[in-house]
Amino acid sequence: MSEEESPDIRPDTQLVSGGRRKEWTAGLVNPPVHHASTILFDSVADMRASIGQPHRLHYGRQGTPTTWALEEALTALEPGAAGTRLFPSGLAAIATALMAVVKPGDRLLVPDTVYAPTRAFCDDVLAGLSVETIYYDPCGDIDALLDPSVRAIFLESPGSLTMELQDVPGICARAKALGVVTLLDNTWATPLLFPAIGRGVDFAILACTKYICGHSDAMMGSVTAAPAAWNALQRATRAFGQCAAPDDAYLTLRGLRTLGVRLRRHEESGLKVAHWLADRPEVARVLHPALPDTPGHALWARDFKGASGLFSIVLKTSDDAARARFIDGLRHFGIGFSWGGYESLALPVDLDRIRTATRRADEGLIVRLHIGLEDPDDLIADLARGLARIAP
Ligand SMILES: *Cc1c(COP(=O)(O)O)cnc(C)c1O
C-alpha cells in the first residue's frame with residue numbers, strides 16, 4: 001500500500017491522485033521539476049538530521065519531490081507494496097533488482113521468452129559473478145528445476161515477442177514456500193491490468209519508457225517491492241548510484257495520469273485489429289494474450305484485467321523480402337524499437353539467435369505490432385494494403 005492513500009480508492013482515481021501531496025506540489029496540480037545536486041542545509045545539525053530520512057532533501061541522487069511523487073504514485077497502484085525506486089531505464093531497473101537478489105554461487109531461473117537485453121545481462125554480467133542462469137520454458141513445469149541452489153525466479157508474462165503467458169501466482173506461491181525470491185517484468189500489463197505485488201511477486205519491474213510514460217519521449221524504469229524485498233531494493237539502488245532525471249520523472253508522471261484511458265483504447269483497437277488479422281489468409285496465427293492461439297491464453301483470462309496493445313502475428317510466408325515489403329510500405333506504423341507510446345509500430349522478429357531452451361515450429365515469419373491510438377479502421381486499411389504486397 002502507498003504511504004498515504006487509503007486502499008479503497010479504485011485504480012483510475014489512484015492514477016489521478018497518487019503522489020500529489022500538498023508539500024510536494026505547493027498547491028499546483030503537478031509537482032514542479034526540481035533540478036538538484038547539492039542541497040543546502042541551515043546548520044550542521046540540519047544536515048545530519050537529513051541522512052537516511054525518506055522524503056527529506058539530502059542530496060540530488062536521493063531524489064526530490066518530483067521523483068518522490070512518481071514513486072509514490074506507482075506504489076499506490078500496487079496494493080501490498082512497500083515502496084518504489086526509479087531508474088534511468090527499464091533495463092537499469094531489471095539489472096539493479098537482480099543485483100539486489102543474487103550472490104556468487106546462486107542459480108537464477110529466467111524464462112526463455114525474456115526480453116533479450118535481460119538475457120544479455122544474465123549472460124554477460126551475472127555469469128561473470130558466478131551466478132548461473134537457467135533458461136526455462138515459460139509454459140512448462142519448473143518444479144524439476146527448483147533445487148536449493150536456486151535463489152530467484154525471474155518472470156515475464158506475456159513473454160517478449162511471442163507473448164506466452166506464465167502462471168505467475170502459482171509460481172510465486174511455490175517460490176514463497178521454498179524461500180525463493182520472485183521478480184516480474186510487468187511492462188506489458190502495467191499494475192492496472194496485473195497488480196503484481198498482490199499476486200505474490202517480490203520485485204515488480206516496469207519499463208516506464210513504454211505505457212507509463214506513453215508518449216515515446218522519455219526513458220524510465222521502476223521497481224516496486226513487497227515489504228520483504230524493500231530493504232534489499234533500497235540498498236542496491238543506493239549502492240549502484242541509480243537515480244532518475246527530473247525532466248523524465250515529470251514526463252513519466254504526466255503520462256501516468258492518463259494511463260487508464262490510454263490502455264482501454266489500446267486494448268479495444270488492438271483486439272479489433274487482432275481479430276481482423278486472424279481472419280486474413282496471409283496470416284498463419286495471431287499471438288495475442290486475449291486470443292486462444294496464444295500459449296497460456298487461459299492464464300491471461302484468469303489473471304489479467306485486460307489486454308494492452310502489443311502483440312505479434314505469424315505470417316504464412318517465410319520470405320524475408322515479402323515481410324519487408326509488408327512492413328516498409330505501412331503508412332501509419334513506424335518501424336522502431338520500444339512501444340507503449342500513442343503511435344503504432346511494426347517490427348520484424350527473428351528468434352533464432354534469441355532462444356535456447358524452447359524450439360518453435362512457426363509456419364512463417366513473425367511481425368510484432370503495437371497498436372496505437374489512431375483510428376483502428378485506418379490501421380486495418382493500412383495493414384490490408386500491406387498484406388496485399390506480400391504476394392510476389
Ligand atoms: C523495453 C523493455 C524493457 C527495457 O526498458 P528500457 O526502458 O528500454 O530500458 C524491459 N522489458 C521489456 C519487456 C521491454 O519491452
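## Ground rules

The model is predicted, so local features need pLDDT of at least 70 and side-chain atom pairs count only at pLDDT 80 or more, while totals for chains, interfaces and linings use all residues. Residues are numbered from 1 along each chain as its sequence is written, and side-chain values use heavy atoms, with hydrogens and water left out.

Let's start with the open sheet of 7 strands, in the order 1-7-6-5-4-2-3 and with mixed pairing. Two strands pair if DSSP finds at least two bridges between them; helices (H or I, at least four residues) and strands (E, at least two) are DSSP runs, numbered from the N terminus. Strand 1 (83-87) and strand 3 are the edges: each has a single partner strand, so one side of each is left without a neighbour in the sheet. From one strand to the next, the twist averages 20 degrees. Angles run from 0 to 180 degrees between N-to-C directions, with axes as lines fitted to C-alpha atoms, for helices over the stretch in contact.

Inside this sheet, strand 2 (residues 107-111) and strand 4 (residues 150-156) run parallel and are joined by 3 bridges, with L109 partnered by I153 of strand 4. Helix 4 (residues 65-76) packs on the sheet and touches strand 1, strand 6 (203-207) and strand 7 (221-225), where contact means heavy atoms within 4.5 Å. Helix 7 (residues 168-178) lies across strand 4 and strand 5 (181-185), at about 170 degrees to strand 4.

## Where the domains meet

How much area do domain 1 and domain 2 bury between them? The figure is about 3,500 Å², 61% of it on carbon and sulfur atoms; buried area is the accessible area (1.4 Å probe) that two parts lose on being put together, summed over both. In domain 1, L161, W188 and Y211 lose the most area to domain 2, together 24% of what that side buries.

There are 3 salt bridges between the domains, each a side-chain nitrogen of Lys or Arg within 4 Å of a carboxyl oxygen of Asp or Glu. D167 also forms a salt bridge with R302, with the closest N and O atoms 2.6 Å apart.

Most residues other than glycine have a negative phi, and most peptide bonds are trans. The S157 to P158 bond is cis, with omega near -5 degrees, and P158 is in the loop between strand 4 and helix 7. A26 has a positive phi, near 55 degrees, and lies in the loop between helix 2 (22-25) and helix 3 (44-49).
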